[in-house]
Amino acid sequence: MEPFNAANSQSQMRKGILEFIVLLIISRGRVYASNILDRLKKNELIVVEGTLYPLLSRLKNEGWLAYSWKESNSGPPRKYYSLTAAGKKILTQLTLTWNHLNQSVGSLLNTKKGKYEKNLNH
Amino acid sequence: MKKTLTINFNQTVFSLEEDAYQKLDQYLNSVNKYFADNPDKEEIISDIETRAAEKFSQKLSRSKTVINLKDINGFISSMGTVEAISGEESVSAVSGKTRLKHLFRDPDNRIIAGVASGIAAYFGADPTLIRLIFIILIFALGFSIWFYPLLWLIIPLAKTAAEKIEMKGKPVTLANIQAAINNKFPQSSPDKDEGKIVKILLFPFKLIGRSLPYLSPAFGNFLLPAEVGSFRIFCLRTLNCLAVVGYLPADRGG
């Protein structure tokens, strides 16, 4: 078992939403792997780049992603990713789940201390 | 003055200082082994190399034409060592990895083809004991001489580090793979050092084993009449064994 601590908990949270985030980034426009990495790193959503590549290949195998090769001005051709119809469907579902989680956690965070105790007393 | 090496990396030529080259080579090897059981290994490695080439190009300028160790270390720390990658891989990727114990032939402790050593690894037994059982089965209990070659044919060889770990029923975790790599599991070389006498003694068996895949469609025709009876018994017994051995899931967890 992994040790139970804050860092591990945080890492579990990040892992849990990474697939969703990657689908989301791809849904927002033509990107290749380095673009995705830039976005993820800017938002501190990924720790090491090496995790993205197996994830992309898994999402592709699920049939959620497709890619096409495009020439680039600097260097070798790049793989540009896009969502398939199935990928878009999944993204919609994941977005719903995310909104739901966000609302639930938000309402818990906004609950003032002592509120439940009052409710229990009445 | 430092020696440099020229590499063709993702269709771009880079000059690397010698220590930088060694570090990169070591890193790519570890990544290769880590993804060894991934069906998309080639693609993932090529993606990682593309990223490396991109990073290196950014490091180079008119006044700096060689990649040094610092550049490589920078690349590795952003890409992540295999330890870091496995720590961060998403939950579903980790849980998707097989925890089943598989029966493989063990190329590292083999004498002929690794059948006995593979079975020993599966049960955590001493290979010599399994070999003795084989000898007893064939010579004392009259099992067919085809017993061994047939198992040879049926049981796949453990090729990757991951397979060698599965062979022992351990979960394919990074620590286990690292241990396997550090032990320098030799990749299955067809002819390991064997004494001359052993080679001569085993030659007929090896010949049978090598040619068996071609013969198998007409397998029955190649059996001597006297062999056929015991072969049928043997087949039944093997099937029984397989039902017990091959398809029982190993204990999970751990």
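Trainee: Which residues of chain B does the UniProt annotation "transmembrane region" cover?

Mentor: Bear in mind we're looking at a predicted model here. The label comes from an unreviewed UniProt entry, and the stretch it covers in chain B is residues 131-158.

Trainee: Over in chain A, in what order do the 3 strands of the open sheet sit?

Mentor: Start from the edges: β1 (31-32) and β2 (65-70) of chain A each pair on one side only. β2(A) pairs with β3 (residues 78-83) over 6 bridges, in the antiparallel sense, and A:Y67 faces A:Y81 of β3(A) across that pairing. Put together, the order in chain A is β1-β3-β2.

Trainee: Which residue in the hairpin of β1(B) and β2(B) takes a positive phi?

Mentor: The two strands, residues 4-9 and 12-17 of chain B, run antiparallel and are joined by 6 bridges; B:L5 has B:L16 as its bridge partner. There are 2 residues between the strands, and the one with a phi near 55 degrees is B:N10.

Trainee: Is A:E44 buried or exposed?

Mentor: A:E44 sits in the loop between α2 (33-42) and α3 (52-61) of chain A. It's not a glycine, yet A:E44 has a positive phi of about 55 degrees. The cut-off for exposed is over 50% relative accessible area. A:E44 has 65% relative accessibility, so it counts as exposed.

Terms used
Residues are numbered from 1 along each chain as its sequence is written. Chains are lettered from A and ligands numbered from 1 in the order in which they are written. This is a predicted model: local features need pLDDT of at least 70, side-chain atom pairs count only at pLDDT 80 or more; totals for chains, interfaces and linings use all residues. Side-chain values use heavy atoms; hydrogens and water are left out. Two strands pair if DSSP finds at least two bridges between them. Helices (H or I, at least four residues) and strands (E, at least two) are DSSP runs, numbered from the N terminus. UniProt positions are given in the numbering used here, feature names are shortened, and annotations may be inferred rather than shown by experiment. Buried means under 20% relative accessible area, exposed over 50%, partly exposed in between (1.4 Å probe, protein chains only).
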